[in-house]
Amino acid sequence: MSKPSQDSEEPFVGKKRSLTGLRIFSIFLMVVAAFGVGIIGLTLDAGSAATTAAVGVVAAVGVVVFVMLTIAEGRFDKERNRMQNMWMSRKAELQDLVGKDELTQLQNRRFFYDQLQQELDLALRYKRELSILMIDVDDLKLINDEFGHQVGDVVLRSLGRVLNQQAGDRNITARVGGDEFAVILPGGSRKDAEKLSWAIWEALSKEAICETETASIFLGVSIGSGGYPWGGRTIDEIIHWADTKLYANKLERKGLKHKDAASDQRLVGAVVDVLSSALDVRDKMTHRHARRVARMSAFVAKEMKLSEEQVVQIEYAAALHDIGKIGVADSILHKDDVLDNEEWKQMKLHSDLGYQILNGIDFLQDAAEIVYSHHERFDGQGYPRGLAGEETPLGARVFAVVDAYDAMTSRRPYRDPLSQEDAIEEISQNSGTQFDPQVVEAFLSMMRRSPDGFQGTVEEYGPTVVHEGHGAHTNGHGASVEEFELLPLE
Ligand SMILES: [Fe+2]
C-alpha cells in the first residue's frame, strides 16, 4: 500500500510557490524583451524616439502582465485559503466521527486512550494532577432481558447525558465498552474524582434513567477512580488502579458490605478465597503462600490468646495481604529485573490499594487495617506510614513475623531455603527492630512446643482453620512472591 503524500492530505499547499515563480519569470521576460527591443532598435538604426517607444510598449505589456498575475495570485490565495479551511473543518468533522460513540455521542474508547495519553504527558511535563473514573453499569443485562435492547439503548444514552451534565465542560466523558464508561479529569485531584463519583451516584438515585409504560428504571453504576501521581505514572498503571477500585466497589454494591453477611462464615471464607484467587490469576503462586501465612498467623494469634474475632481477622488479612497487587501494572509485577526507584514506589502502593479494596466490605474492615500496615516495621522503618511499635495494628505485627519466616524457608530461583533453625535464629535476631518482641516470643514458644511444624491441609479460610495443638512448619516447597522481608526494600 502506498503511503499517502503530503499533497493528498493538504492539496493546496505548494501552489503559491509556482505562481510566484511565474511572476518572477514574467519580470525577467519583460527585462529581456525590453533589452532585446533596445538592441534591435539600435542595430537597425531606427532612431532613438522609435526605439524608446518600442521599449516603453514592451515594458508596459510587462507591467500589465505582472499586475494581472498579482491579481490572479491574490484571488488564488483567497481560494486556496477557503479550500484549506474547508478541508480542515472536514478533517475535524471526520476525526470527531472517528472519536465518537455512535449510540451515546460520548467519545469512544479509541479517543479515550489517545486523550488520556495526551493528558498524562501534560500532567507529567507540568507536574500537575490527573484523575480518571472508570464506570460500570450494574445489571445492564437484566434491563436488556426484561425490557428489551431498545430500552437498554435509551438507558445508555441517558446515562451518557447524566455523565456529561455532572462532568461539565472541563472533563472528558467516554463510552469505552458495552456497559463501561469513563471520565478523564484533566488537572483533577483524587478528591475531585471522589466528588464527581458521588455527584453521579446522587444524580442517578434522584431520577429514573428511563420511564417505560410499566416501570421507572433507576440505574446503578459501580465507579473506581485512578490518577496521577497517586495511582501510577503510566496509562496501564492508572487504569489498573481504577479498575481494581471499580471491582471493590462492585463487590460492595452487591451487598457484601453488610454486617449480616459476616455471620455466614462459609460465605465470608468464600469471599476471601475468591479475592485471593483473583490475585493468584495475576501474580502466580501467591495463593499457596497466602494460605500458609494465613494459617500460621492464626496459630500465632491463638498462641497470644487473642479473641476469636481477632484471630479470624488476622487470618483473613494474612490471606489477602497482597490483594492490592491486583492494581500493580503487569510491567512491574512480572518484571524479571530489579525494580527501579519509580517502580518500587508503584509496588509499595499495594498496601494502600489493598486497604481500599477491603475497606469497602464491612466484615473485612479490621483485616483492611492489617493489610494497610503489613509492610510496617516495629522500628518505624517500614511503609507506607512508617508506624512504629504499637502504632501498627497487632495483626500486622503478627503477620510480619510469619511472612518473614515463610519467605526465608521458601525456595527461590536464586537461593535454597533456609533451614527452620536458621530462620528462627534470624527472627530472634531481629526481635525489637523489625519485629514486635511480644509476637516473636509467642512465635518461638509455639515453634518450641511443636517443632514438627504446622500440620493439616485445611482449604477454607475462617475459624475452623485454627486447631489447638497443631505445630508450626512450612515445608519450604512452593514459591512465594514476597521477597525475603528482612532485606531492605530499596
Ligand atoms: Fe506485600
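Visitor: Why is K305 counted as exposed?

Guide: This is a predicted model. In it, K305 has 9 C-beta neighbours inside 10 Å. The cut-off for exposed is 12 or fewer, so K305 counts as exposed.

Visitor: Where is K305 found, and what is its phi?

Guide: K305 is found in the loop between α11 (286-303) and α12. Its phi is near 60°. That is a positive value in a residue other than glycine.

Visitor: What makes K127 exposed?

Guide: K127 has 8 other C-beta atoms within 10 Å. Exposed means 12 or fewer, so K127 is exposed. K127 also has a positive phi, about 50°, although it is not a glycine. Its place is in the loop between α4 (109-126) and β1 (130-137).

Visitor: How do the two helices come together, and which residues make the contact?

Guide: α12 passes α17 in a right-handed crossing. On α12, the contact is made by Q310, Q313, I314, A317 and A318. On α17, it is made by G395, V398, F399 and V402.

Visitor: Which residues touch the most other members of the largest nonpolar core?

Guide: V300 and V401 do, in a core of 99 residues. Helix α17 (residues 394-408) gives the most to this core, with 10 residues. The core also draws at least three residues from each of domain 2 (109-246) and domain 3 (258-465).

Visitor: What does V300 touch?

Guide: Leaving out residues up to four places away in sequence, V300 touches V398, V401, V402, V439, A442, F443 and M446. One of these, V401, is the other residue that touches the most core members. V398 and V402 also belong to the contact of α17 with α12.

Visitor: Which peptide bond involving P229 is cis?

Guide: The bond that joins Y228 and P229. Its omega is about 0°. P229 is found in the loop between β6 (221-228) and α8 (235-256).

Visitor: What is omega for the peptide bond from Y383 to P384?

Guide: Omega is near 10°, and the bond is cis. The place of P384 is in the loop between α16 (365-372) and α17.

How values were computed:
Residues numbered from 1 in each chain as written. Predicted model: local features only at pLDDT ≥ 70, side-chain atom pairs only at ≥ 80, totals over all residues. Core = buried A, V, L, I, M, F, W, Y, C linked by C-beta atoms within 7 Å. Buried ≥ 20, exposed ≤ 12 C-beta atoms within 10 Å, placed from the backbone. Helix = DSSP H or I, 4+ residues; strand = E, 2+ residues; numbered from the N terminus. Domains from an automatic or database assignment. Contact = placed C-beta atoms within 7 Å. Left-handed = near helix turned anticlockwise from the far one by under 90°.
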